[in-house]
Amino acid sequence: MAAGWERPPVAAALTLLLSLGASAPGLLRGVPAASLRPTALSAGEVHRLITYIFVYEDLISLTCGAIIIWYFAGSFEKNVGTVKHCFLTITFAILSALLYLLFEPVVSRVSKVEDAKGFMPVAFATLGVSTTRSQMKSTLFFGARVPVVLLPWFMLCIAWFIPHSSLLSNLCGLLVGEAYGLGYCFCLDFPESVGSKLDRVLPFSLLKRIPGLKYIPGSLAERRASQSHNAAFGRRDCLAEC
């Protein structure tokens with residue numbers, strides 16, 4: 001195994017594969033997959049409250065989405081574990097979608113609103129969680145030091161320029177993530193003991209067996225032990241090459 005190579009987190013990798021599977025057929029036919037529209041619930045398409053995060057309209061937005069999934073979803077999964085990552089991804093997707101559907105009729109009166117689509121609302125939710133719970137006071141952003149709590153809002157402005165990105169749905173995702181990070185959604189939290197038990201049942205027990213992908217345990221102690229093991233393994237490989 002090459003030094004420095006690390007297996008990607010399993011849930012983030014599967015999210016990327018689902019995005020490719022959901023978007024690629026429509027892109028090849030020139031007919032994009034269905035995104036989240038205000039009429040979705042009235043038409044009985046409740047599944048779109050989740051499936052919209054896997055939908056992209058063109059190759060550029062799909063590429064941007066893949067990078068966002070790889071970076072944000074992968075980092076978040078490493079921090080909270082695979083079980084909690086899957087649970088929060090679904091939860092953030094649904095809450096962001098409901099908030100989007102609530103605000104869309106009002107915002108559409110003064111400005112055109114893009115349909116909600118892609119993983120970006122969930123990515124902003126995870127970013128909101130990370131920054132509100134971070135112990136860091138400031139960070140570098142394009143060479144300038146800015147308060148950590150303002151970082152998601154600067155990122156939101158940049159995301160506005162990504163093709164077919166919905167500013168409203170991204171904002172809703174950020175609001176959901178910050179509300180969760182500040183403790184207003186404490187009912188969504190579950191103890192590590194629950195996550196550790198779920199690690200051993202379906203479908204998570206099957207995710208552990210996927211070759212080439214890394215399952216992140218629900219226990220913080222297990223995650224730290226795994227990180228220490230990987231660091232020691234990397235140092236051993238470096239010494240062997242030297």
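## Exercises on rings and charges

The charged end of Lys208 lies over the ring of Tyr215, 5.4 Å from its centre; a charge sits over a ring if NZ of Lys or CZ of Arg is within 6 Å of the ring centre and within 35 degrees of the ring normal. Keep in mind that this is a predicted model, where local features need pLDDT of at least 70, side-chain atom pairs count only at pLDDT 80 or more, and totals for chains, interfaces and linings use all residues. Residues are numbered from 1 along each chain as its sequence is written, and side-chain values use heavy atoms, with hydrogens and water left out.

**Exercise 1.** Classify the ring pair Phe87 and Phe190.

Start with the rule: rings of Phe, Tyr and Trp (its six-membered ring) pair if their centres lie within 6.5 Å; planes under 30 degrees apart are stacked, over 60 edge-to-face, and the rest tilted. This rule gives three aromatic pairs. For Phe87 and Phe190 the centres are 5.5 Å apart and the planes at 70°, so the pair is edge-to-face. Now look at Lys84: its charged end sits over the ring of Phe190, 5.6 Å from the centre.

**Exercise 2.** Classify the pair Phe92 and Tyr180, then decide whether Phe92 is buried or exposed.

First, the geometry: the ring centres of Phe92 and Tyr180 are 5.6 Å apart with planes at 80°, so this pair is edge-to-face. Next, accessibility: buried means under 20% relative accessible area, exposed over 50%, and partly exposed in between (1.4 Å probe, protein chains only). Phe92 has 0%, so Phe92 is buried. Tyr180, at 2%, is buried too.
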